[in-house]
Amino acid sequence: MMKVFVTRVIPAAGKKILEDAGLSITEWTEKRALSRDELIAHCLDHDALLSASTKIDSVFLNACKHLKVIALLSVGFDNVDVAEASRLKIPVGNTPGVLSKATADAAFLLMLSTSRKAFYQHKKIAKGQWGFFEPTADLGIELDGKTLGVFGLGKIGEEMARRCRGAYGMKILYHNRSRNEQAEQELGAEWVSFEDLLSQSDVLSVHTALTAETKGKFDLESFKKMKPNAIFVNTARGSIHVEKDLKSALEQGLIWGAGLDVTDPEPMDPLNPLLDFPNVSVLPHIGSATLETRNAMAELAANNIVAGLKGEQLPYPVNPEIY
Ligand code: 8YV
């Protein structure tokens, strides 16, 4: 019987696929991350790894060359040394598509809650500060007819653009390395340079992968070029923005607010001053955290494992070049 090691408790829908394929599952149930050494020790007597939110580096891969497949419970694969996995001919799979709507919902939620300072207002009530009605206090800004700039217009960015167009008739700008013609036709999205994306967006939403090129892309220089009424939203990866620069930008009024589902590090320090800013909304990386989406992700990951253990090409490989 082939054995799969799973680094987190995953939805039953995924486990069922593994069990129906006759595989034995070992689930890591402790509510703490495994160290690299622990991960190696467990994987040594398993044939496949289903990995959620776990760093897969070159040391691990070389110690566990025998793995027939590594399936991620995520679309992002920035925490995996894919080049090394490819060199060792280990197929790595991800879960694209199924989390696009849920993640776009989180971006939309952060945009709207930031525009109305919703998280801050909630905290004020809890602190007994509902208080006296002041017609000019803590006002939000409206989104109707404004411009959405999408940095990285792929599947998730498209869903965000669709929501913003449908709800507020927003104009859609985007910046990608390559053109997204389908979105240009369907959503009237317009490709602009990164500089123009910064200077023209009222809401700038990040939906790109974390790469050497996108790391730290939103720094003080970038924030300086944005509109003073702009809302910055990041549901992709926390290190795509430079947090201390975001804080300065907000303090100096270079931008109006920020909605973050991702931070660097994660979890965010509970004493982080950003949590007290009225125009900041922070969520604990819950973009894909719906019942429907997590079930679908677990199913895709399990299907990647089953295919990998049969020696077949994974349905969703991130390193198809190994075939
Ligand atoms: C995951 C994500 O919840 O898919 C991704 O890339 O960021 C989220 O859906 C996270 O990576 C934990 O596995």
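Q: Which polar backbone atom is 2.7 Å from an oxygen atom of the ligand?

A: A polar contact is a pair of N or O atoms within 3.5 Å. Here the backbone atom belongs to Val 75. A polar backbone atom of Gly 76 is 2.8 Å from a ligand oxygen, and an N or O atom in the side chain of Arg 237 is 2.8 Å from an oxygen of the ligand. The protein covers 84% of the 330 Å² of accessible area that the ligand has on its own (Shrake-Rupley method, 1.4 Å probe). This is a predicted model, in which local features need pLDDT of at least 70 and side-chain atom pairs count only at pLDDT 80 or more, while totals for chains, interfaces and linings use all residues. Residues are numbered from 1 along each chain as its sequence is written, and side-chain values use heavy atoms, without hydrogens or water.

Q: Which way do the residues of strand S4 point, and are they buried or exposed?

A: Buried means under 20% relative accessible area (1.4 Å probe, protein chains only). In S4 (residues 69-72), Val 69 and Ala 71 point one way, Ile 70 and Leu 72 the other, and all are buried.

Q: How many bridges join S4 to strand S5?

A: Two strands pair if DSSP finds at least two bridges between them; strands are DSSP runs (E) of at least two residues, and helices (H or I) of at least four, numbered from the N terminus. S4 and S5 (residues 92-93) run parallel, joined by two bridges, with Ile 70 opposite Val 92. S4 also pairs in the parallel sense with S3 (residues 48-51), over four bridges.

Methods. Polar contact = N/O pair within 3.5 Å; in protein donor to acceptor, adjacent residues only side chain to side chain. Buried < 20%, exposed > 50% of the residue type's maximum accessible area, 1.4 Å probe, protein only.
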